[in-house]
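Have a look at the structure first, and then read on.

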Amino acid sequence: MELTPRKRQILKVVTERYIDSAEPVSSKFLAQAMGGNISSATIRNELAELTELGYLEQPHTSAGRVPSPQGYRLYVNELMEQKALTDQEAAEINAALGGKMRELDSVIAQAGQVVSSIVSYPAYAAAVGKSAVTIQRYDLLPVDENSFIAVVMTTDSRVKSQLLHSSIPVTPDELPALANLLNSHFTGIASEEMGRKLMSLAGQLGAELFMPLSLAIEYAGDVADRVARNQVYTTGQAQLLRQPEFQDLAKANGLMGLLTDQKDNLPVLDENTSMQILIGPENVNEALRDASVVVASYDIGGNMRGLIGVVGPTRMDYAAVAARLSYFAESLTKMFGQNNQLPPKEDDIS
């Protein structure tokens, strides 16, 4: 059913007032907010119809109305006005991202911290491969006769290293040949394929080569698997307890557990989606049924994209959160890009 302009205006006023106050909105407030041109009786009738249609809810018989998940969805899709980023907010984001580039994981983790501090809600961040992550290059560095350092670079440009200990002595002269073998046969393939290929070569290798080779391959496969699991960084969980909806610890417990111990289950975006707002029951995870998530993506390069998400009550200020995430994601894309420049602040950012 198509809502009349007056019903749409009432739903918009109710939603924005509830976002600000966290209190059910009365017909008396609506009459004042709409300029006193509509009688209280007419407003009560409109509220009753919006409730019957599923756009509003009445927490208690004598209370005012609050938006339902269906009401929030209509508000986000059709009624919400774009919000402009303030100069102070843009400056804070630019300052946070203006330093020297650090290791990818550190940048991703810091991104979540900055967003959480700006929006005052918990945030999460992750890097996601657009395709399977494999090993792109190996280097082996000598330490002593029973130890060497394995350095691997993944196809998403992450560099990891670890000291490995061999029960069979490994001379520095043997390491270049081993590295060449690794780069010739064990790049661009999944960790399972690495194991099969190692077994196929076992008969051609002596024990002095097989042992250090198997150690390097085991480490490389572990790196590829860990990167593929898309490590998620969460921050600002305490911000949740400042919201009236979650001051009841029993109600907040499930959501806090998700943000702390089950963060791999937080929503991610489809590859071709730049931003998504998930409201209440639209979230698959049961812990998010009374919460909303706004998540945006940015381009890291190297066949990788980053995700930055905000978790809050269904009463969150969607327009403000979306504006901040949009600017932040664009800033990160520019930072990872070759020109390494932050985007200009625009008057309207959705």
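**Glu46 and its partners**

Leaving out residues up to four places away in sequence, Glu46 touches Arg6, Lys7 and Ile10, where contact means heavy atoms within 4.5 Å. This is a predicted model in which local features need pLDDT of at least 70 and side-chain atom pairs count only at pLDDT 80 or more, while totals for chains, interfaces and linings use all residues. Residues are numbered from 1 along each chain as its sequence is written, and side-chain values use heavy atoms, without hydrogens and water.

**Setting of Glu46**
- Glu46 sits in helix α3 (residues 40–52); helices are DSSP runs (H or I) of at least four residues, numbered from the N terminus.
- Glu46 counts as buried because its relative accessibility is 5% (buried is under 20% relative accessible area, exposed over 50%, partly exposed in between, with a 1.4 Å probe and protein chains only).

**Salt bridges around Glu46**
- A salt bridge puts a side-chain nitrogen of Lys or Arg within 4 Å of a carboxyl oxygen of Asp or Glu.
- Arg6, Lys7, Glu46 and Glu49 are linked in a network of such bridges.
- Glu49 and Lys7 pair at 2.8 Å, N to O.
- Glu49 lies in helix α3 and Lys7 in helix α1 (residues 5–21), so this pair ties together parts 42 residues apart in sequence.
- Lys7 is buried at 6% relative accessibility, whereas Glu49 is partly exposed at 35%.

- Lys12 forms a salt bridge with Glu16, with the closest N and O atoms 3.1 Å apart.
- Both Lys12 and Glu16 lie in helix α1, 4 residues apart, about one turn of the helix.

Technical notes. Helices (H or I, at least four residues) and strands (E, at least two) are DSSP runs, numbered from the N terminus.
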